[in-house]
2 protein chains.
Amino acid sequence: MSVTIKDIAKLAGVSHTTVSRALNDSPLINPETKERIKAIAGSMNYTPNYSARSLVLDRSYNLGLFFSTLHSGTSAGFLYEAIKGVNDVIKDQYNLIVRGIDDYKSYHNVNRKSFDGLIVMSQSRSDQSFIEYATDKEIPLIVLNRQVDGNRVMNLVPDDQSGAFKVVEHLIVHGHRRIAIIEGKTGFKSTQARRDGYLQALSRYGVAIQDGFAERGDYDFESGYAAMSRLLKLEDGPTAVFCSNDDMAVGAIKAITNHGLRVPEDISVVGFDDDLFSGFMTPALTTVRRPIEEMSRAGAVKLLSFIEKKEVERSTVFFNTELVVRDSVQTISGGQ
Amino acid sequence: MSVTIKDIAKLAGVSHTTVSRALNDSPLINPETKERIKAIAGSMNYTPNYSARSLVLDRSYNLGLFFSTLHSGTSAGFLYEAIKGVNDVIKDQYNLIVRGIDDYKSYHNVNRKSFDGLIVMSQSRSDQSFIEYATDKEIPLIVLNRQVDGNRVMNLVPDDQSGAFKVVEHLIVHGHRRIAIIEGKTGFKSTQARRDGYLQALSRYGVAIQDGFAERGDYDFESGYAAMSRLLKLEDGPTAVFCSNDDMAVGAIKAITNHGLRVPEDISVVGFDDDLFSGFMTPALTTVRRPIEEMSRAGAVKLLSFIEKKEVERSTVFFNTELVVRDSVQTISGGQ
DNA sequence: GTGAAAGCGCTAACAG
DNA sequence: CTGTTAGCGCTTTCAC
């Protein structure tokens, strides 16, 4: 059996209460006994039983980092940056539990007792029921990435629409008028926001929307490839394509190349997300940077202060996206 | 306050003991009372307090998925596939805790009480001390990816060396004799295994090793770019480059392109890992597939049976890698 | 089949 | 400054 505070108490000739207090740095304890007890604890290789502590303190020391889904629509880079961001912030004391919300058959095991707090990386409205569930249960919650309807949670989101606007504007400024879009996964809020940014830019600059220039994708490489292949069959095809994320942009570029055309000489391609590889592919991708890691870090900080100081701040904070200009856009003189 | 078995007991007019037994499907309980109690529990929206259960059962329901490091040398795809693999297997009952081993200031909080089991995704010998620590503490443990010295743990590893051999052999068969290597992060076991495979292929085919053809990288895009840039300064440069992972291959290709040369027409490039994007980049990358997700899944299954049935199997299982031929290698007639 | 009682390891009044 | 006592919610003898 492992060593408990009672074992230490026996050896130190004090009560187990004193041991508990000493180990928790209570100011009530004589500094010398405190040191003595800590020394003994150390030499006995004592580790606290967190289950016991959790039971009495009513804290689990578990933090959840939940994604809408882990199976599709979540890019590896996204997951990576989010985990890194959160793990950087939380202390040794907390456990970070990573899950896809759609992996849960029932939310039953998600409750105040099991989680001190929750970070939801929301990509789709499909997790709305989960967010409501957590709010109901009064689990400290922070929602990242997607703006939640109703605004009753702490919400950190990138400004996807203005990001999309910027990158499409970039295309227009470089002379493009025939600009297609490959959209993201249906039902994802980001899909809609990026489409809106695209449309907003076109309309702001008085660029006509062409028939057949809107293709559906679902945020993975394959779908970008497939969507671009369809675009390439068009009689009067686009001179530029806005892909709703970088993964699809990679797929689109592949399709263009396989078709015997070049990027950006024949067709310009831009993406969204600024994935880790985007600067290193050929051609380097012009895209929009979403500050996932910063957002995750900020979210974790807010969550901890929520948990520890009980300060709740039910507001939506927007994080700026940033246009990253690289080599996948060609300046053209024509126009339509 | 949340509802406990005592509340249910009161309402059902039985003792809390009976409630506990009913909820745990004890065969001792009258089927009718069992149903009645379950119904009441359901209607009261009862959820068990895991801390309490953990305390008495001496199980935490926590599983750890630990990486050597989350900060460098771990590619996003690697993390992604590992998490997916493990999460697919573990039941709703377990929490999956994801961490970088180097994030722990002390391993103190990692113990039998806090973790029912551990999966270590080992990339470097730097986590050897952690593995020994966990073994000492008798925490059910399974080590993935790196073959551990001493062979005293359950160990699932890809056969990196033979994978590297295959892809370098592929280069040789296609006429290449001047083959450079960009190595992985120093100290990683995979770095060594892949270098060994490279050397083995050269020596098997009697290909000479050239001075200055071995460059050091550290598994990220930037380092691949930098290493390739150095290679490009060589007077009599390589016709082909074996990059120890795909990320670095992307960086290398970028360097080549920026240098005004083409892949594969001027220089052939191969990678290792078969990252998610590798088939979709241009040119599509010839590489070696490492079955991370399958390995993770298999590891999780083994770990659970270890935990639940106490069956330990201290053996090393090798997972086959697979040569994935795509478009980044040119057949050349010459030789040196 | 069911209940009474004990105890897992810890913290927190309360008393001194 | 320290100890006594109780209790967190649950499972598990042991008795009936």
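Predicted model: local features only at pLDDT ≥ 70, side-chain atom pairs only at ≥ 80, totals over all residues.
**Exercise 1. The interface**

How many residues does the contact take from chain B, and how many from chain A?

*Solution.* Begin with the residue count: the contact takes 61 residues from chain B and 61 residues from chain A. Next comes the area, for which a general convention applies: the size of an interface is often given as the accessible area lost when the parts come together. Between chain B and chain A the buried area is about 5,200 Å², and carbon and sulfur atoms give 54% of this area.

The third step turns to specific pairs. Three salt bridges are found across the interface of chain B and chain A, and 18 residue pairs, both members at pLDDT 80 or more, are in polar contact across this interface. On the side of chain B that touches chain A, at least two residues each are supplied by α4 (50–57), α5 (76–89), β2 (95–100), α9 (221–232) and α10 (246–258) of chain B, and the largest share, eight residues, comes from α5(B). By residue class, this side of chain B divides into 26 nonpolar, 22 polar and 13 charged residues.

**Exercise 2. A salt bridge between D92(B) and R99(A)**

Show that the side chains of D92(B) and R99(A) meet the distance criterion for a salt bridge.

*Solution.* The cut-off needed here is 4 Å between a side-chain nitrogen of Lys or Arg and a carboxyl oxygen of Asp or Glu. For D92(B) and R99(A) the N to O distance is 3.6 Å, and the two side chains meet in a salt bridge.

**Exercise 3. Salt bridges within a chain**

Which parts of chain A does the pair of D273(A) and R194(A) tie together, and are these two residues buried or exposed?

*Solution.* Start from the total, which is 35 salt bridges over all chains. In the salt bridge of D273(A) with R194(A), the closest N and O atoms are 3.4 Å apart. D273(A) lies in the loop between β9 (268–270) and β10 (287–289) of chain A, whereas R194(A) lies in helix α8 (residues 189–204) of chain A, so the pair ties together parts that are 79 residues apart in sequence. Burial requires a relative accessible area under 20%; D273(A), at 9%, counts as buried, and R194(A), at 1%, counts as buried.

For the second pair, the side chains of D127(B) and R146(B) meet in a salt bridge with an N to O distance of 3.2 Å. D127(B) is in the loop between β3 (117–121) and α6 (128–136) of chain B and R146(B) is in the loop between β4 (141–144) and β5 (154–158) of chain B, so parts 19 residues apart in sequence are tied together. D127(B) is buried at 1% relative accessibility, and R146(B) is buried with a relative accessible area of 2%.

**Exercise 4. Aromatic rings**

Why is the pair of F188(B) and Y219(B) tilted?

*Solution.* The structure holds 29 aromatic pairs over all chains. In the pair of F188(B) and Y219(B), the ring centres are 5.8 Å apart and the planes stand at 55°, so the pair is tilted. F188(B) lies in the loop between β6 (179–183) and α8 (189–204) of chain B and Y219(B) in the loop between β7 (214–216) and α9 of chain B, so the pair ties together parts that are 31 residues apart in sequence. Both F188(B) and Y219(B) are buried. Elsewhere, ring pairs link F221(A), Y225(A), F277(A), F280(A), F221(B), Y225(B), F277(B) and F280(B) into a cluster.

Methods: Residues numbered from 1 in each chain as written. Chains lettered and ligands numbered in written order. Heavy atoms only, no water. Contact = heavy atoms within 4.5 Å. Buried area = accessible area lost by both parts, 1.4 Å probe. Polar contact = N/O pair within 3.5 Å; in protein donor to acceptor, adjacent residues only side chain to side chain. Helix = DSSP H or I, 4+ residues; strand = E, 2+ residues; numbered from the N terminus. Nonpolar A, V, L, I, M, F, W, Y, C, P; charged D, E, K, R; others polar. Phe/Tyr/Trp six-rings, centres within 6.5 Å; stacked < 30°, edge-to-face > 60°. Buried < 20%, exposed > 50% of the residue type's maximum accessible area, 1.4 Å probe, protein only.
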